[in-house]
Amino acid sequence: MKVVVIDGQGGKMGQMLIERIKSTGLPCELIAIGTNSIATSVMLKAGAGAGATGENPVIAASRDADVIIGPIGIISADSLLGEVTPAMAASVGQSKAKKLLLPVNLCNNIIVGTRSLTVAKLIEETVGELSKIIK
């Protein structure tokens, strides 16, 4: 199963996700796609099997991913302080992959009805959902 983790800015959320997924031993191929090189580097150091940076890698990885994980902003053009291009958002949104989107209420994306959780708790719940998908 191909799991694509997309993150931007400093890549901290992607790093935490990859470390947690790796620690569970789930049988999946982890691909890190950063919207910038710092995010990619941080996710690769966390243990992703491969990584790339920028718009085209997001588009290419979205084509054949089984699961895409990232902040809700990856489906909204110009989010993550402008790091998500319209083409990136469209490719993630149109992907047939299951999407596990973390409701980080930043960059003008406010998800009404969600609980206010720490990033650590969001990651724990996300990895739980990934476990259900893989099993």
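Trainee: From the N terminus on, in what order do the elements of the protein chain run?

Mentor: The order is β-α-β-α-β-α-β-α-α-β-α. This is a predicted model, in which local features need pLDDT of at least 70, side-chain atom pairs count only at pLDDT 80 or more, and totals for chains, interfaces and linings use all residues. Residues are numbered from 1 along each chain as its sequence is written, and side-chain values use heavy atoms, with hydrogens and water left out.

Trainee: How many helices and strands are there, and what makes a run count as one?

Mentor: The protein chain has 6 helices and 5 strands. Both are DSSP runs numbered from the N terminus: a helix is H or I with at least four residues, a strand is E with at least two.

Trainee: How do you know whether the radius of gyration agrees with a compact globule?

Mentor: The radius is taken over C-alpha atoms, and the globule rule is 2.2 Å times the number of residues to the power 0.38. For 135 residues a compact globule would have a radius near 14 Å; the protein chain has 13 Å, so the two agree. The C-alpha atoms fill a box of roughly 35 × 35 × 25 Å along the principal axes.

Trainee: Why is K2 called buried?

Mentor: Buried means under 20% relative accessible area, exposed over 50%, and partly exposed in between, with a 1.4 Å probe and protein chains only. K2 has 18%, so K2 is buried. K2 lies in strand β1, residues 2-7. Buried residues make up 44% of the 135 in the protein chain.

Trainee: What does K2 touch, beyond residues up to four places away in sequence?

Mentor: K2 touches E29, I31, A61, D64, A65, D66 and V67. Contact means heavy atoms within 4.5 Å.

Trainee: What makes a set of residues a nonpolar core?

Mentor: Its members are buried Ala, Val, Leu, Ile, Met, Phe, Trp, Tyr and Cys residues, joined through side-chain atoms within 4.5 Å. The largest core here has 22 residues, of which V5, L17, I18, I69, L102 and L130 touch the most other members. At least two residues each come from β1, α1 (12-24), β2 (29-34), β4 (67-71), β5 (98-102) and α6 (119-134). α6 gives the most, with 5 residues. Apart from this core lies another, of 15 residues, among them A65, V84, M88 and A97.

Trainee: Which residues does V5 contact, leaving aside neighbours within four places in sequence?

Mentor: V5 is in contact with G14, L17, I18, L30, I31, A32, I33, M43 and I69.
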